[in-house]
Amino acid sequence: MKRSFNNNLIADFSSYLRLERSLSLNSINAYCSDISKLVIFLETSPDNGGIVNPEKATPLVLSTFIATLHSKNLSKRSQARLISALKAFYRFLEIEGRVKESAAEMLDFPKIKPYLPVVLSVDEVEKIINGIDLSQDQGHRNRAIVEMLYSCGLRVSELVNLRISDLFFDEGFIRVTGKGSKQRLVPVGAPAVSAVILYLEQRRTLKFSSKDEDTLFLNRRGGKISREMVFLIIKGEAKKAGIVKDISPHTFRHSFATHMVENGADLRVVQQMLGHESILTTEIYTHVNSEKWREGILRCHPRAKSL
């Protein structure tokens, strides 16, 4: 009975995140997974303070729960997300009138070192693109995938959900559905347009179901390509190009933004193209650029070795 109650509670929380917070499906799943861990802790741990209902949890119990996961080498970034999930969950319970005050209100986020993403140089991007074998069955598709990731700075989830009806090549834009189902128009460059047009000619030879008729990127079986498949494609093409950096599809998004900033693009424009809610998220690319600028100055300074 208790398990059913807690499952219903998490289902209600999921609906709140989707309808009230407009979070992406990935974020909703991550938050609900974290709350499920809390539920399991309350139901099974001897350190639960005698509390099995998450609505009755105290700040001390939540701190003990976090400490338990921390002892399992949970990274600081995962800890931060866990605390965000707990704060959102108890805020939801507060709004619903299920608790008088949030038990997660005083939880502190761990201090995290500034994260500078892995970025490819323009030459490295071109090496990967030019190294794709177009004579292979999926060559044109793979090239179109890489071109679109880099040209438009897409998240991999945005890429796999692109539809043919989202392409407005005559106007030079594509329509992207981002986090929280928010849509934005993003300019698309000529190389990406050419790559997609060549791929579309090849795509017509595939057999696909009516539900995937409008889906842009398909797998060998004619279904929508998965995020995992795109990850493997990127890894494979980077390895063939001799790129030793540890990259993923998201690396092209980082590279797109960094190269835009390096070439003088307005930060607000980059923010809009990336679909960032806050410009603070976009500002990391100024830090990447600043680090490169600093290294360049120190390398050229006559007394660099002593600085």
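**Figure 1. Asp34 and Lys37 form a salt bridge, with closest N and O atoms 3.9 Å apart.** A salt bridge here is a side-chain nitrogen of Lys or Arg within 4 Å of a carboxyl oxygen of Asp or Glu. The model is predicted: local features need pLDDT of at least 70, side-chain atom pairs count only at pLDDT 80 or more, and totals for chains, interfaces and linings use all residues. Residues are numbered from 1 along each chain as its sequence is written, and side-chain values use heavy atoms, with hydrogens and water left out. Asp34 and Lys37 are three residues apart in helix α2 (residues 25-44), so about one helical turn separates them. Helices (H or I, at least four residues) and strands (E, at least two) are DSSP runs, numbered from the N terminus. Asp34 is buried, at 2% relative accessibility. Lys37 is partly exposed, at 36%. Buried means under 20% relative accessible area, exposed over 50%, and partly exposed in between (1.4 Å probe, protein chains only).

**Figure 2. Arg155 and Glu158 meet in a salt bridge at 2.5 Å, N to O.** Arg155 is buried, with 9% relative accessibility. Glu158 is buried as well, with a relative accessible area of 2%. Side chains of opposite charge can pair when their charged atoms come close.

**Figure 3. Arg175 pairs with Asp166 in a salt bridge.** Their closest N and O atoms lie 2.9 Å apart. Arg175 is partly exposed, at 25% relative accessible area. Asp166 is buried, at 7%.

**Figure 4. Asp12, Glu55 and Arg98 are linked in a network of salt bridges.** A search of the whole structure finds 13 salt bridges.

**Figure 5. Helices α6 and α9 pack at an angle of about 95°.** Helix α6 covers residues 139-152, and the two axes are 11 Å apart. Axes are lines fitted to C-alpha atoms, for helices over the stretch in contact; angles run from 0 to 180 degrees between N-to-C directions. The angle makes α6 roughly perpendicular to α9. Angles under 35 degrees count as roughly parallel, over 145 as roughly antiparallel, 65 to 115 as roughly perpendicular and the rest as oblique. On the α6 side, Arg141, Asn142, Ile145, Val146 and Leu149 take part. They meet Val230, Ile233, Ile234 and Glu237 in α9. Contact means heavy atoms within 4.5 Å.

**Figure 6. Met229, Phe231 and Leu232 form a nonpolar surface patch.** Together they have about 270 Å² of accessible area. Areas come from the Shrake-Rupley method with a 1.4 Å probe; for residues, only the protein chains shown count as cover. Patches are made of residues with over 30% relative accessible area and no salt bridge; like charges are joined within 9 Å, nonpolar side chains (Val, Leu, Ile, Met, Phe, Trp, Tyr) within 5 Å. Met229 sits in helix α9 (residues 227-240). Met229 is partly exposed, at 34% relative accessible area.

**Figure 7. Asp133 lies in the loop between α5 (122-130) and α6.** Asp133 is partly exposed, at 30% relative accessible area. Leaving aside residues up to four places away in sequence, Asp133 touches Gly139 and Lys240. Asp133 and Glu237 are 104 residues apart in sequence and 9.3 Å apart in space, C-alpha to C-alpha.

**Figure 8. Lys239 is in helix α9.** Lys239 is exposed, with 70% relative accessibility. Lys239 and Ile128 are 111 residues apart in sequence, yet 8.7 Å apart in space, C-alpha to C-alpha.
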